[in-house]
Amino acid sequence: MAYRNWLTAGVMCVAIAVVAAAGGYFYSEKPTSADSRAMILPADPAPLVVVTKGGDRSFSIEVADTAAEREAGLMYRQDMADNHGMLFVFEVQQQVGFWMHNTPMPLDLVFVGQDGKIRAVKHGEPQSDAVISPGVPVRFVLELKAGTAARNGIEYGDLLRHPAVGTASGPGMPPADNGDAPNGGGG
């Protein structure tokens, strides 16, 4: 009888441990690109401002500044407000490549150098695995709904202002703009 109670207690402990581990995994995991659910980060309290020739344009943004957040990005996001975006912050200025895998929304990708100046504006097609790259090292990428950059006059050379951009430090500054914009001056 004592053996059966010990065995029953052991089995119960194992079952409870398995249920607790599974619950912890499913309820604490942040979504990543492998998940089929959208990652929604809290809106940053400071607006991101793009200084354009036509005036300042303000956006509410989510800041993706960890590897997991940058990997998940806007995947699986079905919709987003016209004045909202996601700012990807990299540790150092570098060559980057983005794709639209599992991303149902068409997007504008605004590539930004260490100095906060836009280096390229590219367009992302939904669900595409084609690599989107500015061809120059950047420190930040701002993703907006497709057409937002054109509607707001956002183009090569414009300046982004936001605490995440203003406090960024790292090696290497992009070369001065000598009229040789990598994408012909925008979009």
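**Exercise 1. Placing Gln114**

Take Gln114, whose relative accessible area is 7%: is this residue buried or exposed?

*Solution.* Start with the cut-off: buried means under 20% relative accessible area. Gln114 has 7%, so Gln114 is buried. Keep in mind as you go that you're working with a predicted model. Next, find where Gln114 sits: in the loop between strands S4 and S5 (118-124). Gly166 is 52 residues away from Gln114 in sequence, yet the two C-alpha atoms are 9.1 Å apart in space.

**Exercise 2. Reading the overall layout**

*Solution.* Walk along the sequence and note each element as you meet it. You get the pattern α-β-β-α-β-β-β-β-α-β-α. That's 4 helices and 7 strands. Now zoom out to burial: of the 187 residues, 39% are buried. Last step, contacts. Take those between residues at least 6 apart in sequence, and you'll find that 72% of them join residues at least 24 apart.

**Exercise 3. The neighbours of S1**

Find out which strands pair with S1, and in which sense.

*Solution.* First, S2 (residues 55-64): S1 pairs with S2 in the antiparallel sense, over 5 bridges.

**Exercise 4. The neighbours of S6**

How many residues of S6 (residues 138-145) are buried, and how many bridges join S6 to S3 and to S4?

*Solution.* Burial comes first: 8 of the 8 residues in S6 are buried. Then go through the partners one by one. S3 and S6 run antiparallel and share 6 bridges, with Leu87 having Leu142 as its bridge partner in S6. S4 also pairs with S6 in the antiparallel sense, over 6 bridges. In that pairing, Asp108 has Leu144 as its bridge partner.

**Exercise 5. Two positive phi angles**

Where do you find Tyr76 and Asn102, and what are their phi values?

*Solution.* Tyr76 is in the loop between H2 and S3. Its phi is near 70 degrees, which is positive although the residue isn't glycine. Asn102 is in the loop between S3 and S4 (107-112). The phi of Asn102 is near 60 degrees, again a positive value in a residue other than glycine.

**Exercise 6. Exploring the largest pocket**

What volume does the largest pocket have, and which element gives the most to its lining?

*Solution.* Start with the idea behind the search: rolling a probe the size of a water molecule over the atoms shows where empty space is left. For the largest pocket, the volume is about 210 Å³. Now list the lining. There are 15 residues, and Arg70, Glu71, Met75, Phe98 and Trp99 lie nearest the centre. Sort the lining by class and you get 8 nonpolar, 4 polar and 3 charged residues. Then trace where they come from: H2 and S3 (84-94) each supply at least two, and H2 gives the most, with 3 residues.

Finish with Glu71. This residue is in H2 (residues 67-72). Exposed means over 50% and buried means under 20%; Glu71 has 46% relative accessibility, so Glu71 counts as partly exposed. Phe98 is 27 residues from Glu71 in sequence, with the C-alpha atoms 9.4 Å apart in space.

Notes
Residues are numbered from 1 along each chain as its sequence is written. This is a predicted model: local features need pLDDT of at least 70, side-chain atom pairs count only at pLDDT 80 or more; totals for chains, interfaces and linings use all residues. Side-chain values use heavy atoms; hydrogens and water are left out. Buried means under 20% relative accessible area, exposed over 50%, partly exposed in between (1.4 Å probe, protein chains only). On a 1 Å grid over the protein atoms alone, a cavity is a set of points where a 1.4 Å probe fits but cannot get out, and a pocket is an open set with protein on both sides within 12 Å along at least five of seven lines; lining residues have an atom within 4 Å of a point. Grid points are joined across faces, edges and corners, and a volume is the space filled by probe spheres set on the points. Ala, Val, Leu, Ile, Met, Phe, Trp, Tyr, Cys and Pro count as nonpolar, Asp, Glu, Lys and Arg as charged, and the others, Gly among them, as polar. Two strands pair if DSSP finds at least two bridges between them. Contact means heavy atoms within 4.5 Å.
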